[in-house]
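Here's a quick briefing on the model below.

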Amino acid sequence: MQPISVSLEPAATQRCLALDAMRGFVMLALCWGLLARGPLSQQSATRTFAEQFRHVSWEGLVFWDLIQPAFWFVVGATLPFALARRLERGATFGQNLRHASARALKLILLGQILICLGAGRYRFDPRETLTQLAVSYFLCFLLFHLRFRWQAAAAALMMTVNWGLYVLFPGSSGPLSPTDNIGTLIDRAVFGLSTGGSWVTINFLGSTVNMLVGVWTGVLLMGQRPHAEKLKILAAAAAASLALALVLTPLNPPMQKIWTASYTFWGAGYVLPVVAVFFWLFDIEGYRKPTFPLVVVGMNSIFIYMLSQALGSWIDKSLGVFTGRFQFLGPLGAISQACAVVVVMWCVCYWLYRRR
């Protein structure tokens, strides 16, 4: 394998505030949406808004469908920074491989713990979010050690294979059949899962590409190019991603549950402009104070995800005893209650942040 071609200058290995802030923003949006969407959907005035925080049933996009590719992207973008720091401390490829393997296994373990807690019994489900994140992370770690042209070829191959499987083995209503597509059939045969119309394990073929786009963005941001040039490249990449998404959508519609190629490009096309804005504001213009609440969460992103999944409802219920769920505010009560719960979660993250 080729050595990682990133600069090890001190300026290159320092943290990128835009990425830490972006990661925090994504996780806060996730936690708030999980808490608020139920109560908001019960109010006629906020029902339409609440739909932006629920996944579409099969085809299409809402705000909630962009959370996962955004988080995959940011995890990928931080990978070059983390590896550069480890190399600077003298870590070898073997040591980095063991580190990446251990991190992936920890993510899988945490994901399966959440699955078991939710089911109330032991159950293995490879489709769980952190498990899928672990697979994409480990693949990106390996791919990052290849030359860029091979990374790009691998990304194209994964998207082609992903779509090709559905075309070559169509279900009863075509390649995108919700109940018996090839992804569902694989999960049924290999893992004994029989939930049609849901996420599939082979999602990692598409999600890894989203993370790989993040890796390339991280290399760009930590490089020595002028800031203005970096912003132009990010803008051009966003425009190209959205254009490809539009071209592919008629034949390959956006679907998160099977992570189609168009969905991959929609995800990249929406997150790249946000990263560019964050990079301009926080790393170029130097507006660092506004990043603090986001960085606190961004530095503890997996923790707050676990906290929201395992104890979010309990915190919400317990806090509601004292807030009365802000019912006196009418439709705004659900929003206020969700904000209050997120503040409690943020305080726990801050406690961890202070203790590094």
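Buried here means under 20% relative accessible area, with exposed over 50% and partly exposed in between (1.4 Å probe, protein chains only). By that cut-off, buried residues make up 49% of the 356 in the protein. Keep in mind that this is a predicted model: local features need pLDDT of at least 70, side-chain atom pairs count only at pLDDT 80 or more, and totals for chains, interfaces and linings use all residues. Numbering starts from 1 along each chain as its sequence is written, and side-chain values use heavy atoms, leaving out hydrogens and water.

**Fold and dimensions**
- You'll find 14 helices and zero strands, where helices (H or I, at least four residues) and strands (E, at least two) are DSSP runs numbered from the N terminus.
- The C-alpha trace spans about 60 × 55 × 40 Å along its principal axes.
- Of the contacts (heavy atoms within 4.5 Å) with a separation of 6 or more, 72% join residues 24 or more positions apart.

**Nonpolar core**
- A nonpolar core is a set of buried Ala, Val, Leu, Ile, Met, Phe, Trp, Tyr and Cys residues joined through side-chain atoms within 4.5 Å.
- The largest one has 98 residues, and M22, L133 and L221 have the most contacts inside it.
- Helix 2 (residues 17–41) supplies the largest share of this core, 15 residues.
- Leaving aside residues up to four places away in sequence, M22 touches A70, V74, V271, V274, V275 and F278.
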